[in-house]
Amino acid sequence: MSPKQSSLQHAANALGALSLVVADRMNAAIEAIAALGPSAPAALAALHEFLDGGSVTQLSSVLALTHSGTVRLVDRLEAEGLVERVAAQDGRAVSVVLTRTGHRMAVRILQARETSLTSALSALSSDEIDNLAATLDTMLTTVTLARAEGRAAGTNDRPQPWLCRLCDFAACGRSEGNCPVDNAVLRH
């Protein structure tokens with residue numbers, strides 16, 4: 001095995017281990033806030049960040065849940081007073097909107113997410129964080145393009161949840177045109 005191959009394998013292995021640890025810590029932190037299952041935090045964050053007033057079908061797509069699974073999730077969120085269903089503008093569909101309580105919980109979820117993720121970066125210098133951010137943007141672009149190509153080729157076996165379902169849109173710079181995922185999708 002060449003040194004370059006060994007380094008690549010080491011980096012891939014470390015990335016896999018770190019990804020699991022970071023995801024497990026983040027999921028534990030955000031699921032403890034909503035306490036309504038693993039999809040509830042993502043649903044609340046998505047509704048808060050970009051989907052408030054969206055349909056059950058749209059939420060289903062974002063979360064990669066079946067329509068009936070999304071209906072059950074919305075039922076649970078509604079029973080907790082976090083969302084409400086309102087008639088959509090066309091009168092045929094139903095929109096899901098966050099209540100004040102739902103907005104507050106979504107903000108708490110996003111804050112817990114940020115705290116969990118920034119703690120993983122705490123040992124890095126400012127320069128290391130800048131370099132990592134650029135590297136992560138490159139990796140997100142690559143992953144996004146691969147997902148889009150898989151969808152176009154029909155090789156994705158099942159629906160995939162949106163990468164941005166738990167994203168902090170202000171942090172990614174989406175409104176300034178800096179989101180690597182959005183930019184990759186727009187280029188594709």
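How many salt bridges does a search of the whole structure find? The search finds two, a salt bridge being a side-chain nitrogen of Lys or Arg within 4 Å of a carboxyl oxygen of Asp or Glu.

1. Basis of the note. The model is predicted, so local features need pLDDT of at least 70 and side-chain atom pairs count only at pLDDT 80 or more, whereas totals for chains, interfaces and linings use all residues. Residues are numbered from 1 along each chain as its sequence is written, and side-chain values use heavy atoms, with hydrogens and water left out.

2. Overall architecture. The chain holds eight helices and three strands; helices (H or I, at least four residues) and strands (E, at least two) are DSSP runs numbered from the N terminus. Read from the N terminus, the order of the elements is α-α-β-α-α-β-β-α-α-α-α. The C-alpha trace spans about 60 × 40 × 30 Å along its principal axes.

3. Contacts and surface. Of the contacts in the chain with a separation of 6 or more, 57% are made by residues 24 or more positions apart; a contact means heavy atoms within 4.5 Å. Among the 188 residues, 31% count as buried, where buried means under 20% relative accessible area, exposed over 50% and partly exposed in between (1.4 Å probe, protein chains only). The accessible surface comes to about 11,400 Å², and 55% of this area belongs to carbon and sulfur atoms. Accessible areas come from the Shrake-Rupley method with a 1.4 Å probe, and for residues only the protein chains shown count as cover.

4. The salt bridges. Arginine 85 pairs with aspartate 75, their closest N and O atoms lying 2.6 Å apart. This pair links distant parts of the chain, ten residues apart: arginine 85 is in strand β2 (residues 83-87) and aspartate 75 in helix α4 (residues 67-79). Arginine 85 also forms a salt bridge with glutamate 78, at 2.5 Å from N to O.

5. The largest pocket. About 2,100 Å³ of space lies in this pocket. Its lining has 47 residues, and those closest to its centre are Val22, Arg113, Leu117, Leu136 and Leu140. On a 1 Å grid over the protein atoms alone, a pocket is an open set of points with protein on both sides within 12 Å along at least five of seven lines, a cavity is a set of points where a 1.4 Å probe fits but cannot get out, and lining residues have an atom within 4 Å of a point. Grid points are joined across faces, edges and corners, and a volume is the space filled by probe spheres set on the points.

6. Lining of the largest pocket. Helix α6 supplies the largest share, twelve residues. Elements that each supply at least two residues include α1 (3-34), α5 (100-120) and α6 (126-153). The lining divides into 32 nonpolar, six polar and nine charged residues; Ala, Val, Leu, Ile, Met, Phe, Trp, Tyr, Cys and Pro count as nonpolar, Asp, Glu, Lys and Arg as charged, and the others, Gly among them, as polar.

7. The second largest pocket. Its volume is about 370 Å³. Of its 17 lining residues, Arg151, Trp162, Leu163, Val181 and Val185 lie nearest the centre. The largest share, four residues, comes from α6.
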